[in-house]
Amino acid sequence: MRGFGRRRWRTLTGIISFCIVLVVSCRQVDPDGGTVDSVGDRIRLGTTAQIVTLDPADAYEQSSMLAIANLGETLYRYELDEQGDLTLVPTLATDLPRLSDDELTYTIPLREDVVFHDGTPFNAEAMAFSLRRFRDNKGRASFLLGDLLGDIEATGEYELTLTLNYPFAGFAALLTFPGGV
């Protein structure tokens, strides 16, 4: 310990001890004392925030949105490209929306290889139902689509058509909102 110093040694052992305590305390243990298998019917989310709701059609505060974003997928998400710009990327969609000449109709092709957690297939009718429910539920975030979004139709098994009541350049960004799923 000659060149290392007593003070540095105590600091190092303190840090190592803290890391050991942290690792041991983060292990999942069930109430009977056994280790919990990570696969099961529970989701554990460590937070000090209050999750108000897990209903996507009513959630608007950050804690609920964080939980919902980890439980489902959106039509699109944003990613940084090579130049550092945000780019809209399909997730439940297979491509970017096709926009009509009057900029009121968005046609969105959907993935065919998706199932819900219970095994029910995802399709355009399921997405249309979800968007209608979000818009019509009158939840706290429904104002995002409220008077903007008119018709919501499954125009094919895996094709969704959305008609706006008026042109809105930021509409595609709303399709990244976790509450719309």
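Accessible areas here come from the Shrake-Rupley method with a 1.4 Å probe, and for residues only the protein chains shown count as cover.

Before you click on, know that this is a predicted model: local features need pLDDT of at least 70, side-chain atom pairs count only at pLDDT 80 or more, and totals for chains, interfaces and linings use all residues. Residues are numbered from 1 along each chain as its sequence is written, and side-chain values use heavy atoms, with hydrogens and water left out.

**Stop one: the whole chain.** Switch to cartoon view and you'll find four helices and six strands. These are DSSP runs numbered from the N terminus: helices are H or I with at least four residues, strands are E with at least two. Along the sequence the pattern reads α-α-β-β-β-β-α-β-β-α. Of the 181 residues, 30% count as buried (buried is under 20% relative accessible area, exposed is over 50%, partly exposed is in between; 1.4 Å probe, protein chains only).

Select residues 76–80, strand β1, then residues 86–90, strand β2. The two run antiparallel and are joined by five bridges (strands pair if DSSP finds at least two bridges between them).

**Stop three: a nonpolar patch.** Stay here and select Tyr78, Leu80 and Leu86, which make a nonpolar surface patch of about 340 Å². Is Leu80 buried or exposed? Leu80 counts as exposed because its relative accessibility is 61%.

**Stop four: strand β4.** Select residues 105–109 and pick out Thr107. Its relative accessible area is 13%, so Thr107 is buried. Skipping neighbours within four places in sequence, Thr107 is in contact (heavy atoms within 4.5 Å) with Pro97, Arg98, Glu159, Leu160 and Thr161.

**Last stop: aromatic rings.** The whole structure holds two aromatic pairs. One of them is Phe116 with Phe122, edge-to-face, 6.1 Å centre to centre with 70° between the planes. Rings of Phe, Tyr and Trp (its six-membered ring) pair if their centres lie within 6.5 Å; planes under 30 degrees apart are stacked, over 60 edge-to-face, the rest tilted. Phe122 is buried at 3%, whereas Phe116 is partly exposed at 38%.

Notes. Patch = residues over 30% accessible without salt bridge, like charges linked within 9 Å, V, L, I, M, F, W, Y side chains within 5 Å. Salt bridge = Lys/Arg side-chain N within 4 Å of Asp/Glu carboxyl O.
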